[in-house]
Amino acid sequence: MRAALFLPWLMGLALAQGVDCSSVPPSLIPTLSARPTPSVSVSPGGLAAPGSFAVQADARAYVASATLSVRGEQRWGDYGPQVLASWGGSPTATANFGPLAASANGTYTFTLSAQVCYRLNGAVVGEELSAQARVPVFIPWTTADLPWFLWKEAEAANYIKGLANDVTGGQPMFVEGLVTGLAEPVRAVLRDYLVKGYLNQGNFPPACAGWCYAIAPVQLRLYAVQGVGELFQQGWASLGLYGGQKDSRSYELGTKGVAGVLVVRGYRHDYILLSARGDFSDATQVIEMPKGASELFRKALSLSALQQNAREVRP
């Protein structure tokens, strides 16, 4: 019973030792009925078009010192952390982050870290508090440089790190498409590199001389009216000391009314690529989504293609 009576006092003593509030004028230290709960609010709650975020942090107590920072998990790498604001005195602070375009797509985490002082049950308490908010940025973008985009995704997803044949992305990159055909630049990058795997030194197109790293094959399912020759690849790919399992199939359809759609399961995101001409010889609309979000669409695309009596193209 006695231990239970002393427990709140001991907890308060431990908290008070975290932050020194002795130099703060007593009149500035608020009296609270409960331990403060800090917060970070972000508006809007996500971006689907170019724009900026308005961020507000509230420590709910006197702030001896505080920072508001942001870090991002982007398409192929990480952003930050970057400090947006540093302050003391006021419990709140605001900041803007942006403007952001499609090149900044990813998920962003805003973090409040604050040393605060407040009065609880008659005792001055000083402690460190933190709060976070996460928001997505998936802005559609258009690119005519589709071969480079596919190659870069494969670099991120299928980079082999060691002799055990492990890959950075945890699973192979997967591309499934329903097209009228493929423009030569796109077909070439699939045929010459992605479905076979390749050795590289960070160049595009890939080039290797001396010591190189390996990129495991991309898995492909392509349904097309024509132009899918040489894209069938099965078996083991030997890439220097490394390797990878080739699993790419091509199909021809008996219809001409086929849309230009490619579904890409990439490193951190999924993508739906759209071509008005159907063969990706035009500018490509790229819709970027969280990882796994395209799976239902991919299954529907595959079912639609197979119902058109698709014929597998083999060497």
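The S-S bond of Cys21 and Cys117 has a torsion of about -95°, so this disulfide (a pair of cysteine sulfur atoms within 2.5 Å) is left-handed. Its two sulfur atoms sit 2.1 Å apart. The link bridges distant parts of the chain, 96 residues apart: Cys21 is in the loop between helix H1 (2-16) and strand E1 (31-32), while Cys117 is in strand E7 (residues 106-120). Helices (H or I, at least four residues) and strands (E, at least two) are DSSP runs, numbered from the N terminus.

A word on the model: it is predicted, local features need pLDDT of at least 70, side-chain atom pairs count only at pLDDT 80 or more, and totals for chains, interfaces and linings use all residues. Residues are numbered from 1 along each chain as its sequence is written, and side-chain values use heavy atoms, with hydrogens and water left out.

Back to the cysteines. There are two disulfides by that rule, and with bonded cysteines counted along the chain they follow the pattern 1-2, 3-4. The other one joins Cys208 to Cys212, S to S 2.0 Å, and is right-handed, with 105° about the S-S bond.

Buried means under 20% relative accessible area, exposed over 50%, and partly exposed in between (1.4 Å probe, protein chains only).

| Residue | Relative accessibility | Class |
|---|---|---|
| Cys21 | 9% | buried |
| Cys117 | 0% | buried |
| Cys208 | 37% | partly exposed |
| Cys212 | 8% | buried |

Now for the rings. Rings of Phe, Tyr and Trp (its six-membered ring) pair if their centres lie within 6.5 Å; planes under 30 degrees apart count as stacked, over 60 as edge-to-face and the rest as tilted. The whole structure has 13 aromatic pairs. One of them is tilted: Trp151 and Phe204, 5.0 Å centre to centre with 45° between the planes. Trp151 lies in helix H2 (residues 146-158) and Phe204 in the loop between strand E11 (198-200) and strand E12 (213-215), so the pair ties together parts 53 residues apart in sequence. Trp151 is buried at 4%, whereas Phe204 is partly exposed at 34%. Tyr193 and Tyr198 have ring centres 5.9 Å apart and planes at 70°, so that pair is edge-to-face. Elsewhere, ring pairs link Phe53, Tyr79, Phe97, Tyr108 and Phe110 into a cluster.

Zooming out, the protein has four helices and 19 strands, and 47% of its 315 residues are buried.
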